[in-house]
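Please open the structure in your viewer and keep the selection tool at hand. The tour moves from stop to stop, saying each time what to select and what is found there.

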Amino acid sequence: MNMRHIFSLLMENESGALSRVAGLFSARGYNIESLSVAPTEDPTLSRMTIVTAGSADVIEQILKQLDKLIEVVKVVNLTEGGHIERELMLVKVSTAEGNTEDIARLVSIFRGHVIDVSDETYTIELTGDVAKLDAFLDALDHNLIVETVRTGASGIGRGNRILNP
Amino acid sequence: MELTGAEIAIRCLKEEGVEHIFGYPGGAVLDIYDAIFRQEKVRHILVRHEQAAAHAADGYARATGKVGVCLVTSGPGVTNAVTGIATAYMDSIPMVILSGQVSVAAIGQDAFQEVDTVGITRPCVKHNILVKDVRDLAPAIKKAFHIASTGRPGPVLVDIPKDVSQKKTEFNYPAKVQLRSYHPASKGEPEMLRQVIQVIMNARRPMIYAGGGVVLSNASDELTRFARLLNFPVTNTLMGLGAYPATDSQFVGMPGMHGTFEANMAMQNCDVLIGIGARFDDRVIGNPAHFFEATRKIIHIDIDPTSISKRVPVDLPVVGNVKDVLKQLLGLLEASREKPEAVALGEWWKQIELWRSRDCLRFDRHSEVIKPQLVVDTLYHVTAGKAIVTSDVGQHQMWAAQFYKFDRPRRWINSGGLGTMGVGLPYAMGVQTAFPDETVACVTGEASIQMCIQELSTCKQYHLPIKIVNLNNRYMGMVRQWQEFFYGNRYAESYIDALPDFVRLAESYGHVGMRIDKPSDVEGALKEAFKLKDRLVFMDFITDQTENVYPMVPSGKGMSEMILV
Ligand SMILES: Cc1ncc(C[n+]2csc(CCOP(=O)(O)OP(=O)(O)O)c2C)c(N)n1
Ligand SMILES: [Mg+2]
């Protein structure tokens with residue numbers, strides 16, 4: 001059975017490290033649902049979150065293969081314990097039909113913010129787990145959506161589940 | 001004192017104890033060649049094609065256990081070498097490739113002879129590094145040698161832009177490398193090893209399945225002691241041949257697609273399978289579903305965690321360096337008062353001897369035409385089993401593996417994982433360069449040898465007295481065999497037409513050529529050739545055109561579903 005898993009990685013902040021990870025997934029036929037990466041407070045390290053899906057065997061292989069990459073310092077499967085996951089989404093919706101109140105109400109129900117306004121559009125910012133963002137999109141009238149941008153999930157362990165180099 | 005990047009590169013090689021490198025010059029590496037010219041320690045072997053440079057460095061590494069080194073220019077130099085790099089990668093061979101690159105400022109500009117070397121080679125190297133600052137060069141080369149030769153070995157490429165090789169900096173070779181992200185395993189986990197001993201002691205039909213990892217970690221002695229202590233049967237994979245002595249009675253031959261009947265039957269029917277530095281390759285276990293119709297406990301010792309439970313689920317995984325783990329197991333065995341189940345083991349050996357008596361490798365020794373098996377068998381006797389044998393890829397490779405009995409490791413040099421035609425001659429060059437006084441034979445086919453035939457010129461220049469044994473069946477025999485078995489005898493493009501006269505070809509390169517077409521001449525010709533100690537001899541054996549390799553496990557079938565003679 002294919003289950004969703006979230007891997008969290010610490011890796012050397014070197015050019016080429018990202019393509020090694022991406023190349024591994026494509027070369028071995030693993031799927032990537034989302035991938036997000038940025039440097040950490042230690043500029044020599046990057047932190048990456050990869051959301052993938054696969055059978056237990058495949059997930060175990062992915063973990064081992066990631067660990068084998070020379071630039072990967074640490075990798076954990078966050079799904080195996082308590083963890084928090086957040087994603088940021090920006091959605092631009094059309095207000096041409098004068099529906100601003102409906103939209104504002106929906107945004108507040110989902111605890112989002114309208115962060116930009118033009119004559120015909122609202123741009124909304126929303127964070128949450130993947131399911132919440134999906135639910136928000138479902139609740140919107142699809143004809144109104146002009147553009148969406150999602151960062152992919154970022155994950156972190158709960159409490160003293162800490163990923164140190 | 002400040003040195004240029006080019007000088008630093010060569011000084012690093014000296015520091016690493018490198019005596020030979022294989023390469024081919026070009027614009028981006030001219031400064032490095034100039035640095036080579038101005039010193040004497042590192043000897044450069046000029047090949048005739050960069051593919052051969054990579055293969056020769058790879059062969060050198062396989063035979064010596066040291067890191068093989070090659071040097072190629074940017075662009076086409078690198079792309080030519082890719083086949084050789086991938087070949088080494090698939091067989092986990094320690095190798096460092098130095099490649100030239102266009103100057104840093106020109107990278108990304110589609111400059112003359114620019115390719116994205118790091119990108120092109122990324123999937124077929126253990127690691128690669130583009131050096132953008134001359135101050136990073138020495139640490140990068142140190143790191144390359146460290147990564148190539150530790151853990152599960154593999155090729156590492158260092159890409160050196162031309163201006164980096166020209167700029168100057170102070171030379172300091174780092175004494176050690178510390179990589180926070182790289183910690184190869186050494187010893188096995190003690191608790192797991194205690195369980196392994198328990199399972200071994202209770203085995204009724206045990207089987208040792210040892211692969212290239214035993215050779216790579218120089219653990220042949222430990223493996224031999226381990227197997228003898230237990231009196232367990234041993235099979236060596238194509239990559240592991242020589243890890244356990246082939247002439248020993250506990251050796252049951254090679255397993256897999258062209259393995260022996262007894263090895264395959266024992267692998268399929270054992271109740272405890274001890275995999276050591278082997279990776280349950282598809283060419284070994286055949287159809288995994290069929291393999292699992294039989295139930296057995298699998299112990300798997302390997303340095304690479306990704307090799308464990310990749311193709312087959314393993315009951316007792318031991319991550320560690322094969323040599324260290326075998327030493328630990330030997331310690332536990334020697335301290336233990338238990339012995340394996342003697343009666344059951346006796347029964348198991350009786351069964352194995354019965355399988356062995358099937359004599360699955362028999363062939364017609366009285367044929368009118370030369371049987372390829374006869375040539376390899378005679379080669380074995382004429383060289384008293386002491387040659388280092390390289391091979392290409394095809395039927396001849398399988399016959400060499402089946403009929404030349406390797407009693408020691410690093411004497412059988414072939415491309416197992418990638419199956420690269422063309423490796424045979426450059427491998428022999430690497431081996432002969434490392435061991436000028438050893439007998440080196442290259443068992444090849446008329447199709448494979450033509451993939452790197454230009455290297456006859458290199459052999460002339462460096463006086464490499466390789467003995468080429470060409471099993472000339474005028475077919476891409478291995479392709480023809482599949483077409484005969486699985487494609488209704490439709491021999492699409494597997495006939496090698498318009499062959500050169502190999503005797504005159506060898507002579508034109510300044511070597512000795514011999515053509516042998518009668519079985520009665522085989523032994524005499526081989527003896528004569530091996531007497532010519534300081535000459536390369538090309539022996540063109542005109543062999544049976546339609547001989548097939550047996551046994552054969554057709555792809556998709558199980559290990560015990562062999563086609564036999
Ligand atoms: C570079 C490369 N191309 C194609 C193949 C596929 N292939 C495997 S064996 C073989 C035929 C080899 O013919 P030959 O060298 O004459 O050996 P024989 O099988 O006749 O002994 C071919 C084409 C390969 N292994 N390597
Ligand atoms: Mg042939």
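The stops below cover a metal site, a sheet with a helix on it, and a few backbone features.

Before starting, bear in mind that this is a predicted model.

**The metal site**

Select the magnesium ion (ligand 2) together with Glu446(B), Asn473(B) and Tyr475(B), which coordinate the ion at 2.0 to 2.6 Å. Glu446(B) sits in the loop between strand 16 (440-445) and helix 19 (456-461) of chain B, and Asn473(B) in the loop between strand 17 (467-472) and helix 20 (477-486), so that the pair, 27 residues apart, links distant parts of the chain.

Why is the arrangement around the magnesium ion (ligand 2) irregular? The six donor atoms subtend angles of 52 to 175°, whereas six octahedral donors would ideally show 90 or 180 degrees. If you now colour by accessibility, Glu446(B) counts as buried because its relative accessibility is 1%, under the 20% limit, and Asn473(B), at 7%, counts as buried as well.

**The sheet and its helix**

Next, show the open sheet of five strands in chain B, whose order is 10-9-11-12-13 and whose pairing is parallel. Strand 10 (234-236) and strand 13 (316-319) of chain B stand at the edges, and because each has a single partner strand, one side of each is left without a neighbour in the sheet. From one strand to the next the twist averages 15°.

Zoom in on strand 11 (residues 272-276) and strand 12 (residues 297-302) of chain B, which pair in the parallel sense over five bridges; here Gly275(B) stands opposite His300(B) of strand 12.

**Backbone features**

Most residues other than glycine have a negative phi, and most peptide bonds are trans. With that in mind, select the loop between strand 5 (95-101) and helix 5 (117-121) of chain B, where Asp110(B) lies and where Gln113(B) is also found. Asp110(B) has a positive phi of about 55°, and phi of Gln113(B) is near 55°. Asp110(B) is exposed, with a relative accessible area of 73%, whereas Gln113(B) is partly exposed at 26%.

Finally, select Tyr550(B) and Pro551(B), whose connecting peptide bond is cis, with omega near -10°; Pro551(B) lies in the segment after strand 19 (537-542) of chain B.

Technical notes. Residues are numbered from 1 along each chain as its sequence is written. Chains are lettered from A and ligands numbered from 1 in the order in which they are written. This is a predicted model: local features need pLDDT of at least 70, side-chain atom pairs count only at pLDDT 80 or more; totals for chains, interfaces and linings use all residues. Side-chain values use heavy atoms; hydrogens and water are left out. Donors are N, O and S atoms within 2.8 Å of the metal (3.2 Å for Na, K and Ca); water is not among the atoms, so sites may look incomplete. Four donors count as tetrahedral if all angles lie between 85 and 135 degrees; four count as square planar and six as octahedral if opposite donors are over 155 degrees apart and all others between 65 and 115; anything else is irregular. Helices (H or I, at least four residues) and strands (E, at least two) are DSSP runs, numbered from the N terminus. Buried means under 20% relative accessible area, exposed over 50%, partly exposed in between (1.4 Å probe, protein chains only). Two strands pair if DSSP finds at least two bridges between them. Axes are lines fitted to C-alpha atoms, for helices over the stretch in contact, and angles run from 0 to 180 degrees between N-to-C directions.
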